[in-house]
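Keep the sequence at hand.

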Amino acid sequence: MASIKHTKNELKTQREALRRFQRYLPTLQLKKQQLQLEVRQLEVTLETERNAEAQDRAELAKWVRLFAEPVDWDHWLTVSDIRLEQGNIAGVAIPVLAGVAFSRQMPDLFSTPAWLDDGAEMLQRRIRRRLELQVLGEQLRRLADELRTTNQRVNLFEKVKIPEARESIRVIRIFLGDQMTAGVARSKMAKAKALEQETAT
């Protein structure tokens, strides 16, 4: 605990600080609860997306031999636009995947393999899912960072700042009480001395 002055002004300052900490703490606790809920929901969403990606990979395994054929995918399928927007959860700015636009060329049915159209569809789905996973991962990272910071603040207020302010108030009140008692005792002693001197003369 930092050294404190034993004055009425310091007592007032400590009381105001305690009120401020106690007023701000519930807001922090609410933010912590909201972030915990959002992180849990995001973890479930991420797990669902990862399972869907695993299913895509299993489905893609059927195509692996076909993909061994030389095909210039850049000619048939390209990502033309990735739209990211800003979202906000509990005051945390997060990226949100608003959309992915693909540019697809229609294959010539006579000069391209028969599976090319279905393969392009599968690649498009995989690319979109991969982007979704990246954005969800970034959302989770940002929310987890904010949750850690908020948790540290809640602990700081609950375990350090509020107890310190209460202890400072207690110490200052005891000191000021002792000062007042000593002042009254000195006053009585001075009065008694003055009375003694009056009676002696």
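Val 79, Ile 82 and Leu 84 make a nonpolar surface patch of about 250 Å². Patches consist of residues with over 30% relative accessible area and no salt bridge; like charges are joined within 9 Å, nonpolar side chains (Val, Leu, Ile, Met, Phe, Trp, Tyr) within 5 Å. A salt bridge puts a side-chain nitrogen of Lys or Arg within 4 Å of a carboxyl oxygen of Asp or Glu. Areas are Shrake-Rupley values with a 1.4 Å probe; for residues, only the protein chains shown count as cover.

The model is predicted: local features need pLDDT of at least 70, side-chain atom pairs count only at pLDDT 80 or more, and totals for chains, interfaces and linings use all residues. Residues are numbered from 1 along each chain as its sequence is written, and side-chain values use heavy atoms, without hydrogens and water.

Ile 82 sits in strand β1 (residues 77–89). Strands (E, at least two residues) and helices (H or I, at least four) are DSSP runs, numbered from the N terminus. Ile 82 is partly exposed, at 40% relative accessible area. Buried means under 20%, exposed over 50%, partly exposed in between (1.4 Å probe, protein chains only).

The largest nonpolar core has 14 residues; Leu 11, Leu 18, Phe 21, Leu 25, Phe 157, Ile 162 and Ile 172 touch the most other members. Two or more residues come from each of α1 (8–61) and α4 (116–200). α4 gives the most, seven. A core joins buried Ala, Val, Leu, Ile, Met, Phe, Trp, Tyr and Cys residues through side-chain atoms within 4.5 Å.
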